[in-house]
Structure formats: C-alpha cells, structure tokens
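Subject: Structure for your review, with notes

Dear colleague,

Please find the structure below, followed by my notes on what was found in it.

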Amino acid sequence: MNAKNLVSANLPEDRRQAVSEGFAMIRENLSCLIDLTPSERRQLRKVGDKERAFTKRALDLAERNLDVLPRRFDLAEMRRDIQLLESLQPILQEVRQLQELVNDTWLAANSEAYGAALAIYNYAKASDEVTGLDGTLGDLKRQFAPKTKKKKPTEGTGS
C-alpha cells in the first residue's frame, strides 16, 4: 500500500540562500528582538487576551488621571511596550503560519523519504539476484533491531 505523495519539490541552493538572506534582513529590521534564557522565560508573567485588555484599560486610566501615578512611574515606557506588542502581533502571526507550513512540508518530505527507504530495504531484502548487499543490508537491518536496555550498576553492593 503506497501512501499519498504529499510533497514533490526541491529547493535549489540559490533559493535556500535567498531565504536565509531574507531572514537575516528580517532580524536586522527587528533589531529590538531579545533572546531570553529558559529561567527568564519562567519568571515572566503569563499574559493572555484578558490581561492585554486589562493592560490597555489601565493605560487609558493612567493617561486620563496622571495624578494617580507616582512621578517615577514611566508611562512613556509602558506606551512603548504596548506599541511594540501591537506592532509585533501581526508579524508573530505570519511567523507562526510560516513555521507551520515549513514544519508540515518538512514532516511530509521526511515521512515520504523514510517510506521510500523502507521500500528499498524490503526490495533489497527480497532480492536473491544481487550480490554484495550483505554488509549494507546488515547496516540497514540494525534500524529494526530490538533496543537493549543498559543494566544500571547496583548501588550499595559492598561486602
């Protein structure tokens, strides 16, 4: 049973290079992007749609009632953060869509290539007419060898 061929394409080196250059240009134009460590990510507040709406209402309240804020409160910085958030939102949506397309294409091509490899393996295994395949077939056969669990050394086995 042959699976449906979902993708049949190639990506010439010059086009792959052009994509890489495009990403370099995007990174250059988005020089405001930062790279958080996993620890820094965990420390950030989790903000969803409700929290973003709250944030905008709070900004509106602050702008109409400046006297409720201490002098050291940086309202301009809050405006910049919200403006950046709003500017990045459509870009984030485009990046997510592109990532999904690239990932789906990669998954399909990977699956199809592996399916073809399995067919080649099965054809070669069934072939009695071709000599000199034993070494290569042995290498391929290891893919299907049962995984052996490594024995853990027993602790506290002193005399």
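Glu86 forms a salt bridge with Lys56, with 3.0 Å between the closest N and O atoms, where a salt bridge is a side-chain nitrogen of Lys or Arg within 4 Å of a carboxyl oxygen of Asp or Glu. Because Glu86 lies in helix H4 and Lys56 in helix H3, the pair ties together parts that are 30 residues apart in sequence. Glu86 is partly exposed at 43% relative accessibility, and Lys56 is partly exposed as well, at 46%; here buried means under 20% relative accessible area, exposed over 50%, and partly exposed in between, with a 1.4 Å probe and protein chains only.

Before going further, please note that this is a predicted model, in which local features need pLDDT of at least 70 and side-chain atom pairs count only at pLDDT 80 or more, while totals for chains, interfaces and linings use all residues. Residues are numbered from 1 along each chain as its sequence is written, and side-chain values use heavy atoms, with hydrogens and water left out.

By the rule given above, the count comes to 6 salt bridges, and two others among them can be described here. Arg16 forms a salt bridge with Glu13, the closest N and O atoms being 2.8 Å apart; these two residues are 3 apart in helix H1, and so are separated by about one helical turn. Arg16 itself is partly exposed, at a relative accessible area of 35%. Arg80 forms a salt bridge with Glu77, where the closest N and O atoms are 2.7 Å apart, and both residues lie in helix H4, again 3 residues apart, or about one turn of the helix. Arg80 is partly exposed with a relative accessible area of 47%, and Glu77 is partly exposed at 33% relative accessibility.

As for the overall fold, the protein chain has 5 helices and 0 strands, and it follows the pattern α-α-α-α-α when read along the sequence; helices (H or I, at least four residues) and strands (E, at least two) are DSSP runs, numbered from the N terminus. Of the 159 residues of the protein chain, 6% count as buried. The protein chain exposes about 15,000 Å², of which carbon and sulfur atoms supply 55%, the areas coming from the Shrake-Rupley method with a 1.4 Å probe, and with only the protein chains shown counting as cover for residues. Among contacts (heavy atoms within 4.5 Å) between residues at least 6 apart in sequence, 46% join residues at least 24 apart.

Two places illustrate links between parts of the chain. Lys4, which sits in the segment before H1, is exposed at 67% relative accessibility, and its C-alpha atom is 8.8 Å from that of Glu112, a residue 108 places away along the chain. Tyr114, in helix H4, is partly exposed at 40% relative accessible area, and, leaving aside its neighbours within four places in sequence, is in contact with Gln143 and Phe144.

Turning to the pockets, the search runs on a 1 Å grid over the protein atoms alone, and a pocket is an open set of points where a 1.4 Å probe fits, with protein on both sides within 12 Å along at least five of seven lines, its lining residues having an atom within 4 Å of a point. The largest pocket has a volume of about 1,500 Å³, a volume being the space filled by probe spheres set on the grid points, which are joined across faces, edges and corners. The lining of this pocket comprises 31 residues, of which Leu33, Ile34, Leu85, Leu88 and Leu92 lie nearest its centre. Helix H1 (13–29), helix H3 (49–64) and helix H4 (75–126) are the elements that give two or more residues to this lining, and the largest share, 14 residues, comes from H4. By class, the lining of the largest pocket divides into 18 nonpolar, 3 polar and 10 charged residues, with Ala, Val, Leu, Ile, Met, Phe, Trp, Tyr, Cys and Pro counted as nonpolar, Asp, Glu, Lys and Arg as charged, and the others, Gly among them, as polar.

The second largest pocket holds about 320 Å³ of space, and its lining includes Arg16, Val19, Phe23, Leu98 and Val102. H1 and H4 each supply at least two residues of that lining, which has 7 nonpolar, 2 polar and 1 charged residues.

With best wishes
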